[in-house]
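Work through the exercises below with the structure in view. Try each task before reading its solution.

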Amino acid sequence: MTTNLPKLVVFGEALTDFIREDNQRWRSAPGGSCWNVARVGARLGVPTGFAGTVSRDTFGDELMQQSQQAGLDMRFTRQVDHAPLLAMVVSKHPPQYFFVGENSADLAFDARALPSGWLDAAQIVHFGSLSLVRQPLAAHLLEIAEAAHAAGKRISFDPNYRDPMAGPAYRSTLRRMAGLASYIKVSDEDLRGLFPELDEASALAQLRAWAPTAAILLTRGADGMQLFTAREVLFQPAFATRVVDTVGCGDACFGGWLASLLTRPDAPLNAHLAFSAACAAVTCAHEGAYAPQRDDVAALTDSASLCPDLQH
């Protein structure tokens, strides 16, 4: 039986950010792009599983606790006796970071531990970020993505460019994932990192050539976002909000997009786009990778409808 298994399954990494506050102090926070997307889906009411592996220590315990609090299906996440994956954020403005994760827990992922029947139940399967450049995890996830695509599932993909993706090895992964995807999210910064030899229009054209039927979400922070489909281009302005922290905004945007598709399948594309933008704006108003709830989003969109100048 697959009736009690998630509609959205997110594969990838969960990690702990160590954020340098000043010369003397560091602050730790659970994170990871894929894990953030999963939490957003769950907090927005979509049955969601995060298919990943975390360490059996203080850091892994916190990731497991916050996963449970978000409402994730805990059958999909395992703890193992490996070191934690860490992101050392040495500067927030401008962003500078490096990763510590040789033989870390994320690499111990084993698809055989997933609940039986998960693929039958899933409607959208998400991939992205560091997990697709860290071996042997990346090879396993590519196999799962191809199997899910062959089974008729919708694939969502957020490259979420990071420095380890520079170079030709990841370019082939990028092309393979783009070809499988129904939905791709990239930021303007992602395009510069992924295609340093191209201008933005040419980079977008290359991505479209690899993914001719995918819906591509291009985010530009405060300048809003565009949705490119095979038939049309839609624009969604950013919602005006007090910006406390931009960490996790892209993940909230894409998590909101996926949640809207799954909970309102008959809604028009511009409605999904507006919901996605509202999720990103809610996250901007909180410190850290805040995962919005529907009440948060409704409060923001209600305010915008009462005061149209809140969208710009």
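The model is predicted. What covers the buried residues of H4 is part of the first exercise.

**Exercise 1. Helix H4**

Task: Check the length of helix H4 (residues 137-150), then find where its buried residues lie and what covers them.

Solution:
- Step 1. Helix H4 has 14 residues, and at 1.5 Å a residue these should span 20 Å; the end C-alpha atoms are 20 Å apart, so the two values agree.
- Step 2. A residue is buried when its relative accessible area is under 20%. In H4 this holds for Leu-137, Ala-138, Leu-141, Leu-142, Ile-144, Ala-145 and Ala-148.
- Step 3. Viewed down the axis of H4, these buried residues fall within an arc of 165°, so they line one face of the helix.
- Step 4. The face turned away from the buried side of H4 carries the exposed residues Glu-143 and Ala-150.
- Step 5. The cover over the buried residues of H4 includes strand S1 (8-11), helix H3 (118-121), strand S8 (124-128), strand S9 (154-158) and helix H5 (168-180).
- Step 6. Just after H4 comes Gly-152, with a positive phi of about 85°.

**Exercise 2. Helix H2**

Task: Which residues of H2 are buried, and what do they pack against?

Solution:
- Step 1. H2 has 13 residues and reaches 18 Å from its first C-alpha to its last, close to the 18 Å expected at 1.5 Å a residue.
- Step 2. Gly-60, Leu-63, Met-64, Ser-67 and Ala-70 are the buried residues of H2.
- Step 3. They cover an arc of only 125° around the axis, and therefore lie on the same side of H2.
- Step 4. Thr-58, Gln-68 and Gln-69 are exposed on the other side of H2.
- Step 5. The buried residues of H2 pack against strand S2 (15-20), strand S3 (26-31), H1, strand S4 (48-55) and strand S5 (77-80).

**Exercise 3. H1 against H2**

Task: Describe how the axes of H1 and H2 are placed, and name the residues that make the contact.

Solution:
- Step 1. The axes of helix H1 (residues 33-43) and helix H2 (residues 58-70) come within 8 Å and cross at roughly 30°.
- Step 2. Angles under 35 degrees count as roughly parallel, so H1 is roughly parallel to H2.
- Step 3. H1 makes the contact through Trp-35, Arg-39, Ala-42 and Arg-43, and H2 through Leu-63, Gln-66, Ser-67 and Ala-70.
- Step 4. Sorted by class, the contact of H1 with H2 has 4 nonpolar, 2 polar and 2 charged residues.

**Exercise 4. Asn-160**

Task: Is Asn-160 buried or exposed?

Solution:
- Step 1. Asn-160 lies in the loop between S9 and H5.
- Step 2. Its relative accessibility is 10%, so Asn-160 counts as buried.
- Step 3. Leaving aside neighbours within four places in sequence, Asn-160 is in contact with Ser-33, Ser-129, Met-165 and Asp-190.

Technical notes
Residues are numbered from 1 along each chain as its sequence is written. This is a predicted model: local features need pLDDT of at least 70, side-chain atom pairs count only at pLDDT 80 or more; totals for chains, interfaces and linings use all residues. Side-chain values use heavy atoms; hydrogens and water are left out. Helices (H or I, at least four residues) and strands (E, at least two) are DSSP runs, numbered from the N terminus. The expected span of a helix is 1.5 Å times one less than its number of residues. Buried means under 20% relative accessible area, exposed over 50%, partly exposed in between (1.4 Å probe, protein chains only). The arc is that of the directions from the helix axis to the C-beta atoms. Contact means heavy atoms within 4.5 Å. Axes are lines fitted to C-alpha atoms, for helices over the stretch in contact, and angles run from 0 to 180 degrees between N-to-C directions. Angles under 35 degrees count as roughly parallel, over 145 as roughly antiparallel, 65 to 115 as roughly perpendicular and the rest as oblique. Ala, Val, Leu, Ile, Met, Phe, Trp, Tyr, Cys and Pro count as nonpolar, Asp, Glu, Lys and Arg as charged, and the others, Gly among them, as polar.
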